[in-house]
Amino acid sequence: MSTSQKISSHPWLRERIDWLIQVRWYFAVGVLALIVVADQLIPDSLPVPVLVAVTASIALYNATFRWYAARLKQTESPDLEQRYWRFTHLQIVLDLLVITVLLHYTGGVENPFYLFYIFHITTASILLPRRFAFIYAALATVLYGALVCAELFEWIPHVHLAGFVTLQRYQRGIYVGAVVLSFGLTLFFSAYLASAIAETLRRRERQLLESNLSCEVRAGELGRLNARLAELDKSRSQFIRLVTHELRAPVAAIQSYLRLILDGYVPAEKQREIVEKAERRALEQLALIADLLDLARLQERREEHKTELVDVAQVLHGVAELMQARAEDKDLFFSMEIEPNLSPVQANPEHIKQLWTNLISNAIKYTEPGGIVVVNLTQNPKYVVGMVRDTGIGMSPEQQAHLFEEFYRTEEAKAMERQGTGLGLSIVKKVVESYGGRIWAESEQGKGSRFSFMLPRVT
């Protein structure tokens with residue numbers, strides 16, 4: 001459905017209906033005034049009581065229309081717009097009938113006020129599609145033609161405006177035919193002209209509404225983009241502050257160690273110890289820089305990653321061989337459970353290696369000697385599912401909420417293992433999500449953690 005079709009027309013139509021009802025009050029008052037004036041100018045020519053009754057009927061049905069219009073305004077209905085259209089048609093048809101009755105009792109073809117038909121045809125042309133304007137122009141022509149012909153052939157009595165026109169006018173067939181023909185042509189021309197103007201205005205109004213809607217949509221998109229840019233700028237600033245903090249302290253420590261040696265404050269037998277401390281700090285910085293580079297690469301578009309079909313189990317075996325020695329050094333029970341015949345995943349092999357290395361090394365690092373680290377790898381109809389479980393220090397729910405944030409480490413983790421960049425789990429999360437997967441953690445403080453991830457399998 002196009003934008004123009006979505007734009008409802010009933011608020012506009014409701015305003016026009018209110019206007020039409022208001023104009024009808026003026027019309028009723030004007031008819032009464034004309035009756036009074038005409039009765040003074042040509043006394044005893046008009047059936048005044050009948051005309052007053054017809055005018056009263058106009059006021060009555062207009063009051064009913066006003067009540068119904070107020071009721072429609074308070075109505076919430078799926079067919080509300082259709083009800084407004086039907087209401088409009090009813091008013092126009094009834095008005096045309098009443099005008100015909102008024103013309104009959106005020107001289108028929110002798111009465112020049114048959115031009116009032118044009119007002120309603122113009123109104124119909126403005127409110128309704130063009131085909132209805134022509135239909136109502138034809139209806140008005142038929143009603144007026146039927147009236148004057150019925151009087152011509154004396155099927156109904158003629159009300160003569162004595163003293164205003166000659167009696168024979170309504171009896172001249174050529175004159176009556178000419179009046180009806182010119183009247184009909186005038187109505188159709190008015191309908192064509194008014195409907196053409198109205199359709200042009202409606203089209204431009206729709207275009208303006210569509211433009212406004214488009215502007216609102218774009219403004220909303222720009223607002224969201226601005227908010228996103230502000231969020232990214234805030235994250236970038238925060239990231240720079242964190243990186244600066246993480247780099248500055250160790251570099252300052254290394255510089256202090258070297259300055260102590262250069263200034264001669266460290267005895268020769270202690271210099272090696274100080275240099276080794278400086279080296280450890282330098283190695284920590286190299287690890288941090290490596291993690292930062294990995295994080296930057298993962299933030300590139302996925303299309304720029306070189307991917308291939310990767311056997312996740314094979315990569316796990318390679319990582320496990322490296323981690324087995326570390327687990328044995330801490331006296332940990334390390335085991336793997338791998339489902340046979342696993343489907344491959346479409347990924348970069350180095351990313352999958354980073355994924356296993358970070359999860360398993362964290363589990364070993366934060367598990368007390370004598371603990372357990374278990375790795376499990378299975379699949380379901382859509383995903384390859386990996387899991388690393390440990391009996392380590394665990395985390396509270398509050399800590400888990402920040403688990404995948406960059407540079408985040410719990411106080412317990414810092415106390416247990418001083419070395420660590422706090423970027424490992426951020427890297428893991430970006431690896432998994434960059435390939436359309438998902439990662440989550442379950443943990444209980446003091447009882448261990450379980451990290452699970454899913455990657456789309458290639459079938």
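This is a predicted model: local features need pLDDT of at least 70, side-chain atom pairs count only at pLDDT 80 or more; totals for chains, interfaces and linings use all residues.
Residues are numbered from 1 along each chain as its sequence is written, and side-chain values use heavy atoms, with hydrogens and water left out.

Asp-18 is partly exposed because its relative accessible area is 28%, and Lys-73 falls in that class with 41%, where buried means under 20% relative accessible area, exposed over 50% and partly exposed in between (1.4 Å probe, protein chains only). Helix α2 (residues 10-41) also contains Arg-16, which counts as partly exposed at 27% relative accessibility and whose C-alpha atom is separated by 9.3 Å from that of Ile-126, 110 residues apart along the chain.

Seven salt bridges are present in the structure. Among them, Arg-86 is paired with Asp-79, with the closest N and O atoms 4.0 Å apart, and Asp-79 is partly exposed, at 33% relative accessibility. In the pair formed by Glu-433 and Lys-429, the closest N and O atoms are 2.7 Å apart; because these residues lie four apart in helix α13 (residues 424-434), about one helical turn separates them. Glu-433 is partly exposed with a relative accessible area of 45%, and Lys-429 is partly exposed with 27%.

Helix α10 (residues 349-365) includes Ser-361. The 17 residues of α10 should span 24 Å at 1.5 Å a residue, which agrees with the 24 Å between its end C-alpha atoms, the expected span being 1.5 Å times one less than the number of residues. At the start of α10, a side-chain oxygen of Asn-348 comes to within 2.9 Å of the backbone nitrogen of Glu-350. The helix is mostly covered, with 13 of its 17 residues buried. Ser-361 counts as buried, at 11% relative accessibility, and, apart from its neighbours within four places in sequence, it is in contact (heavy atoms within 4.5 Å) with Met-323 and Arg-326.

Most residues other than glycine have a negative phi. Asp-331, however, has a positive phi near 60°; it is located in the loop between α9 (312-329) and β2 (333-338) and is exposed, at 56% relative accessibility. Asn-341, likewise not a glycine, has a positive phi of about 55°; this residue is placed in the loop between β2 and β3 (345-347) and counts as exposed at 74% relative accessibility.

Within helix α7 (residues 173-262), Ile-197 is partly exposed, with a relative accessibility of 48%.

How values were computed
Helices (H or I, at least four residues) and strands (E, at least two) are DSSP runs, numbered from the N terminus. A polar contact is a pair of N or O atoms within 3.5 Å; within protein, one must be able to donate a hydrogen and the other to accept it, and residues adjacent in sequence count only if both atoms are side-chain atoms. A salt bridge is a side-chain nitrogen of Lys or Arg within 4 Å of a carboxyl oxygen of Asp or Glu.
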